[in-house]
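Let's take a friendly walk through the aromatic rings of this structure. Have a look at it first, and then we'll go ring by ring.

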Amino acid sequence: MAGRAGEHSDRAKADTDPEQAGREPGLGATVAERVRRAEGGLSPAERRIARALTANYPAAGLESASGLASQAGVSAPTVVRFVARLGFDGYRHFQQSLREEVQARHASPLTLAPVIGRHSPTSELVEAAQQVSGATLDQTFGALPEQEFDRAVGLICDPAKRIACFGGRFSQLLAEYLDLHLRLLRPGTFVHAATPGRDAGFRVDLSRRDVCVVFDFRRYQDDTVQLARYAHERGAKVVLFTDPWLSPVAEFADVVLPARVEAPSPFDSIVAPTALVETLVAAVHARLGPTAEERLRAAEESWRGEAGTA
């Protein structure tokens, strides 16, 4: 197939190549993803750089090499070695990738070009959607931080914790979807209101016994970020679902689970985030084991009873 979809296919293949990641726009690994992948092999000094970078991402990396070194308490040559370990040709290449991420973070339907044009045939749209969706799923699960994922499962399975899910204008759908499943597997879960900043009662009740599962994707929503920050300050654990460019919530979240959001349209997709939510549900179900099965069985019996009296 000729045209935009074919061009997109070639670009997506290049972006999944580690040698090309960071040089081209599209589905290349972000700097944050590279850091997570490299964590196990970093030296103590390099780990300090990683912490400094992720604590103020991506702004810390847009400073000079000596500036980032000062923040991390290491030497400038150590920063250069760290950048090379991530797979960049040099510090300039590293910063170019971060600048592209800054642009991507602020993208909107008005600035994101669709993969197909107004006169493109349906067959071209279908092929483009298949290519883009497949690439987002491959990239999301290929970059999934397993330790972070396991920690999220552990927090959600903790019977001593209450689970509160909330998101933004569109991502609230994912919060509701996750909660619909979780309430079948364990007690003490609920969805917070779609306008969380207006609920003083919820804020007052937040404590160390809470786990807030937060959904926040680019064009990050201020009230969602502020509520998540408040929950963190009250001692609640924060599990964040976000995009690869990282919501500001990532600065203080206990767990960060990124998912790709590229789509054939100029609107971001929830295909990969939904798949990640469903994977979390599967892991929670497996971890809870018999207790989840008993609760599911009770729910089924309740539904059958309601149907019989209808």
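## Before we start

A residue counts as buried when its relative accessible area is under 20%. Keep in mind that you're looking at a predicted model.

## A stacked pair

Is Phe215 buried or exposed? Its relative accessible area is 0%, so Phe215 is buried. Phe241 is buried too, with a value of 1%.

These two rings pair up with each other. Their centres sit 4.7 Å apart and their planes meet at 15°, so Phe215 and Phe241 are stacked. The pair ties together distant parts of the chain: Phe215 belongs to strand S3 (residues 210-215) and Phe241 to strand S4 (residues 237-242), 26 residues apart.

How many aromatic pairs does the structure hold? There are 5. One of them joins Phe88 and Phe94, with 5.7 Å from centre to centre and 75° between the planes, which makes it edge-to-face.

Phe88 comes out as buried because its relative accessible area is 5%, and Phe94 is buried as well, at 0%.

## Charges over rings

Which ring does Arg203 lie over? That would be Tyr230, with Arg203 over its face at 5.0 Å from the ring centre.

Technical notes
Residues numbered from 1 in each chain as written. Predicted model: local features only at pLDDT ≥ 70, side-chain atom pairs only at ≥ 80, totals over all residues. Heavy atoms only, no water. Phe/Tyr/Trp six-rings, centres within 6.5 Å; stacked < 30°, edge-to-face > 60°. Buried < 20%, exposed > 50% of the residue type's maximum accessible area, 1.4 Å probe, protein only. Helix = DSSP H or I, 4+ residues; strand = E, 2+ residues; numbered from the N terminus. Lys NZ or Arg CZ within 6 Å of the ring centre and 35° of its normal.
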